[in-house]
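Here are my notes on the model you sent over. Have it open while you read, and check the points against it one by one.

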Amino acid sequence: MNRFFFFLLYGLLLPFVVNCQSFTESNLPILLIDTKGQFIPDEPKIVATLKIIDRGVGKRNALTDKPTFTSKIGIEQRGSTSRQLFPKKPYGFEIRDSTGNNSVNAAILGMPAESEWVLNATYNDKTLLRETLTYDIFRKSSTYYSARFRYCEVVLNGEYQGIYIVFEKIKRDKNRVPISSIKATDVSGDALTGGYILKVDKTEGSPSRTWTSPYPAGTAKLPIQIDRPKPEDLPEAQFQYIKKYVTDFEDALRGPDFQDVDKGFRKFANEDSFVDYLILTEVCKNVDGYRLSAFFYKDRDSKGGKLTMGPIWDYNLTYGNANYCQGNPYQGWAYDFNRVCPTDGYQIPFWWDRLLQDKAFAKKVRLKYQALRQNVLKIDRITAYIDSSAAVLTESRQRNFSRWPVIGVYVWPNGYVGATYQAEVDYLKEWIRQRLLWLDGNIQYFGADITATDPVEPDLIIGPNPSGGTVTLRYRLTNPADVHLHLTDGQGKLLWQQQWPGQPVGIFQQTLGAGQLPNAPGVYFLKIGTGAQQAVKKIVRY
């Protein structure tokens, strides 16, 4: 009888214990985390209790409901910038046994059983949608693994914390990164060749074995980290093997035969995974793309054993949500980061520029993008996904933004600050629409069959040609029009572009100089057009 009254009283008082909100129930799963008053540090993990209330799809969850999952966990803060700058902290947690000391696998929120999970705080993305939208696009456009996720609302030590996204943590598992488990005793033969998870990233966070690539990333050194196996489980033979394999890949990609099917980069890399990663990075124009949270992995040679890009990770600074290094405008290429921000300490590996010099690779990118625009990347489909996801969050986001009042307030590094939540969502949808239209008009040059012939275009004059300095072009306009100028290399890769709106009838003249024309000697193609008129000229640089 005493126990009955205790639980009755607990059920009546709990909604009032959860401060900062009148939070009693939700259409999302509820996570209750109790650390017994302990502060959650960056590391190491502390022991806590996790209770999940998740009655299933379409059902509401109340704080007074019996938990559907209860376990001891180890929990710590995670992340770098988000952990240091924002009051709403991201966390990583590990399911543990009843002693709180040993990790155990468990299925939570309808996702396959594993021990390690991530709580993404999604603080500076005020739509709360950029991460999940990107994963939806990738999952529908690629056959490679990407982390599963669920939205939830979190209560920590009786205090409402708002909306979080529970993600699967990147690790080896048959339901996650599907590569072979490598043991410390696997130091020879096929067993030595996989599986490894690597990344290009900041070196803060979980400890890892790292080496510096012999090829700098722009003006910066390029540290390559082994994410798995963990340092304590990684014998020297495995470190040296994977270091040599990745270096051999870089040597082949940098070498003169990089396009050769047998001797070039394809000998070491899963080409299609690089195509998928590039398309996704460019669609969302991830300012951190290619250079941070860029994971890749290698399975055993007997199982294919080539470097595979992914899994994808970290997409809050996308779709115009970054006001630095040209992360905000819908125009421009994410892979141009080193040319846009050459002094940034984290630069893009040379890999991507070099891959796009391979005409066959560039053509694969173009053809797959154009195919995706007929389904996965249709603007109407993406808009519908955004509207549907925002509708699911209607109730919970009001509590979230009451707890964290960021609407209408600049939060680093917002590229746009809307006065309302709907304004933020409308900006996201319009940015994506403009981005896809821009990509449509520019990706057509990837791997295009441009020959080295110099067509006769009497209305386009370029001189001096050949040249090593500035070049002047003159183009006759027969109708008022917007003038578009594109410069591509001999493989069809777009190097530079510019637009001059509303030009009058007559002679259009521009002088092109440093920053517009390439310094490297070679043959390039300058295309000028207005829609109704087009002309292409070969220019030679020495």
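1. First, the ground rules. This is a predicted model, so local features are taken at pLDDT of at least 70 and side-chain atom pairs at pLDDT 80 or more, while totals for chains, interfaces and linings use all residues. Residues are numbered from 1 along each chain as its sequence is written, and side-chain values use heavy atoms, with hydrogens and water left out.

2. Take a look at the second largest pocket, with a volume of about 1100 Å³. (A pocket is an open set of points on a 1 Å grid over the protein atoms alone, where a 1.4 Å probe fits, with protein on both sides within 12 Å along at least five of seven lines; lining residues have an atom within 4 Å of a point. The volume is the space filled by probe spheres set on the points, and points are joined across faces, edges and corners.) Its lining has 37 residues, and Asp336, Arg339, Leu494, Leu495 and Trp496 lie nearest the centre.

3. Which elements supply at least two residues each of that lining? They are helix H6 (337-340) and strands E17 (481-489), E18 (494-503) and E20 (522-529). (Helices, H or I with at least four residues, and strands, E with at least two, are DSSP runs numbered from the N terminus.) E18 gives the largest share, 4 residues. By type, the lining splits into 18 nonpolar, 13 polar and 6 charged residues. (Nonpolar is Ala, Val, Leu, Ile, Met, Phe, Trp, Tyr, Cys and Pro; charged is Asp, Glu, Lys and Arg; the others, Gly among them, are polar.)

4. Now the backbone. Most peptide bonds are trans. Here, Gly310 to Pro311 is cis, with omega near 0 degrees, and Pro311 sits in the loop between strand E14 (308-309) and H6. Trp412 to Pro413 is also cis, with omega near -5 degrees; Pro413 is in the loop between helices H10 (394-403) and H11 (421-442).

5. Most residues other than glycine have a negative phi. Leu109 has a positive phi near 55 degrees, in the loop between strands E6 (91-96) and E7 (116-120). Lys285 has a positive phi too, near 45 degrees, in the loop between helix H5 (271-284) and strand E13 (294-298). Are these two buried or exposed? Leu109 is buried at 6% relative accessible area, and Lys285 is buried at 4%. (Buried is under 20%, exposed over 50%, partly exposed in between, with a 1.4 Å probe and protein chains only.)

6. The whole structure has 42 salt bridges. (That is a side-chain nitrogen of Lys or Arg within 4 Å of a carboxyl oxygen of Asp or Glu.) One pairs Glu116 with Lys171 at 3.0 Å, N to O. This pair links distant parts of the chain, 55 residues apart: Glu116 is in E7, and Lys171 is in the loop between strands E9 (159-168) and E10 (196-200). Glu116 is buried at 6%, and Lys171 is buried at 11%.

7. Arg148 and Glu168 form another, at 2.8 Å, N to O. Arg148 is in the loop between helix H3 (130-141) and strand E8 (149-156) and Glu168 is in E9, so the bridge ties together parts 20 residues apart in sequence. Arg148 is partly exposed at 29%, whereas Glu168 is buried at 0%.

8. Lastly, Lys199 and Asp201 meet at 3.7 Å, N to O. Lys199 is buried at 9% and Asp201 at 15%.
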